[in-house]
Amino acid sequence: MKYAYVSKTGHVEKIVGKLGLDALKIVDGTEKIDGDYVIFTYTCGKGQTPKPVLKFLENNPGVKAVVGSGSNAKSHIETFNFGAENISKVYNVPVLAKLNGVGTDEDIEHIRAELAKL
């Protein structure tokens with residue numbers, strides 16, 4: 001399985017690092033990845049998927065699952081991790097995890113277990 005991620009504040013990049021994944025960093029959405037992959041993303045605005053991620057997904061049809069990172073679940077409960085939820089709905093793929101910031105050690109172990117199942 002391959003991995004791709006986008007990170008604005010560094011949280012998603014830290015998650016990918018904690019997992020020890022060799023992942024493609026999405027900068028503007030024009031990047032290419034061959035085959036199946038899991039995408040890691042944040043949410044922007046009021047529950048939106050970042051534009052570079054939308055462009056990346058249009059150009060790379062092999063998405064199999066998504067992991068989301070959001071900040072402050074308590075303050076943004078209505079839109080918390082909607083970037084990942086949107087991808088899940090449009091591409092009919094599972095959300096493996098919805099993390100608050102970089103998540104906990106338990107969150108990372110959960111993601112690791114879910115990735116092993118793919």
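Strand 4 and strand 5 run parallel and are joined by five bridges; strands here count as paired if DSSP finds at least two bridges between them. Strands (E, at least two residues) and helices (H or I, at least four) are DSSP runs, numbered from the N terminus. The model is a predicted one, in which local features need pLDDT of at least 70 and side-chain atom pairs count only at pLDDT 80 or more, while totals for chains, interfaces and linings use all residues. Residues are numbered from 1 along each chain as its sequence is written, and side-chain values use heavy atoms, with hydrogens and water left out.

Thr41 faces Gly68 of strand 4. To get from strand 3 to strand 4 the chain passes through helix 2, making a right-handed β-α-β crossover (with the strands pointing away from the viewer, the path from the first strand over the helix to the second runs clockwise). Strand 4 is mostly covered, with seven of its eight residues buried, that is, under 20% relative accessible area, where over 50% is exposed and anything in between partly exposed (1.4 Å probe, protein chains only).

Next comes the core. In soluble globular proteins, nonpolar side chains tend to be buried together. A nonpolar core here is a set of buried Ala, Val, Leu, Ile, Met, Phe, Trp, Tyr and Cys residues joined through side-chain atoms within 4.5 Å. The largest one has 32 residues, and those touching the most other members are Leu19, Tyr37, Val38, Ile39, Phe40, Ile111 and Leu115. Strand 3 gives the largest share, five residues. Phe40 has contacts (heavy atoms within 4.5 Å) beyond its neighbours within four places in sequence, among them Tyr3, Val12, Leu19, Val67 and Ile111.

There is one aromatic pair in the structure. Tyr37 and Phe56 have ring centres 5.5 Å apart and planes at 75 degrees, so the pair is edge-to-face (centres within 6.5 Å make a pair; planes under 30 degrees apart are stacked, over 60 edge-to-face, the rest tilted). Because Tyr37 lies in strand 3 (residues 37–42) and Phe56 in helix 2 (residues 51–59), the pair ties together parts 19 residues apart in sequence. Tyr37 is buried at 0% relative accessible area, and Phe56 is buried at 0% relative accessibility.

Conventions:
Phe/Tyr/Trp six-rings, centres within 6.5 Å; stacked < 30°, edge-to-face > 60°.
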